[in-house]
Amino acid sequence: MDRRSFLMRSGMAAGCLGLSPVIAQAQVGQATLTTVSDGSLTLPGSFIFEPMPQDALQPILAKYGLSDAQLTPECNLALYRDGERTVLFDVGSGPDFMPTAGMVTDSLDALGLTPEDITHVLFTHAHPDHIWGLLDDFDEPLFADATYMMGRAEWDYWWNPETVDTIGEARAAFAVGAKRRMEVIEDSVELFDDGQEVLPGIAAVATHGHTPGHMSFELRNGSDAALILGDAIGNHHVAFHKPDWISGSDQDGGMAAKTRAMLFDRITSERMQIVGFHLPQGGMGRVDRTSEGYVFVPEGA
Ligand SMILES: [Zn+2]
């Protein structure tokens, strides 16, 4: 039995135990857009809800069956295959962030892909659940044959030696962890700016606020379009229901709220497919406008 078939069998065993994550898939023109799970996070609700009006929050939590004590969001990486390139958006948490996350290589394996099959890695931002998976057991890049690409403003923010002191105590470890990973790709990383066509059919869209240089990506193939959101719309509940509310999960809450308003306008007016890193049921779907705000409609729902 070779390594691939062994891992496929382990994957099937995990599926039998009910551990297999949802994998969502759709065509964008001639290309295939898939989400691969990196597992999930366990967060105190206060991480998101703390700055929100608590009375108005309660009915929203009830509507979505959520507790304000703890949240367990999925982590869904987008994978875009256009026949020439196999592009992964972010790399997940790796083994050192949370025990429930860091399973992207298993999810890729279930699709018959190895880390060496990834030709490009495009980062939305450098938070732990998006970049800590960069390193393998030997502290080398896990996706050994990939070209790594990041927005210039995001790179500059985390590369700045002052960030660890200015980001605040709660996120100081984020700064240390991001810098350590970025040092490994410093000589080869390709930086890009807002509006730039990063790869054929993939354009960078500045969605700053969640982090100072957060980037989303617009995919176009034929007449189809999709938007890889990263954490610019960070959950399916308050971020959709009350996009103007300041969220504790955003580093600049005001800027992030303006970014969400811009994104919801764009997504609904063009009826675009979206992938949100922490959205449920695989993270892929569309957006409907409601009388109060917006609602996430998962692919296949
Ligand atoms: Zn984030």
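**Rings and a pocket**

Author: This is a predicted model. By class, its largest pocket is lined by 14 nonpolar, 11 polar and 4 charged residues.

Reader: What makes Phe97 and Phe174 an edge-to-face pair?

Author: The ring centres of Phe97 and Phe174 are 6.5 Å apart, with 75° between the planes. Pairing needs centres within 6.5 Å, and edge-to-face needs planes over 60 degrees apart, so the label holds. Phe97 is in the loop between strand 6 and helix 4, and Phe174 is in helix 8, 77 residues apart.

Reader: Why is Phe97 called partly exposed?

Author: Its relative accessibility is 24%. Buried means under 20% and exposed over 50%, so Phe97 falls in between.

Reader: How do you know that Phe174 is buried or exposed?

Author: Phe174 has a relative accessible area of 15%. The cut-off for buried is under 20%, so Phe174 is buried.

Reader: Why is the pair of Phe240 and Phe264 called edge-to-face?

Author: Their planes stand at 70°, and their centres are 5.0 Å apart. The angle is over 60 degrees and the distance within 6.5 Å, so the pair is edge-to-face. Phe240 lies in helix 9 and Phe264 in helix 10, so the pair ties together parts 24 residues apart in sequence. Both Phe240 and Phe264 are buried.

Reader: What sits over the ring of Trp159?

Author: The charged end of Lys179, 5.1 Å from the ring centre. The distance cut-off is within 6 Å, so 5.1 Å meets it.

Key: Residues numbered from 1 in each chain as written. Predicted model: local features only at pLDDT ≥ 70, side-chain atom pairs only at ≥ 80, totals over all residues. Heavy atoms only, no water. Nonpolar A, V, L, I, M, F, W, Y, C, P; charged D, E, K, R; others polar. Phe/Tyr/Trp six-rings, centres within 6.5 Å; stacked < 30°, edge-to-face > 60°. Helix = DSSP H or I, 4+ residues; strand = E, 2+ residues; numbered from the N terminus. Buried < 20%, exposed > 50% of the residue type's maximum accessible area, 1.4 Å probe, protein only. Lys NZ or Arg CZ within 6 Å of the ring centre and 35° of its normal.
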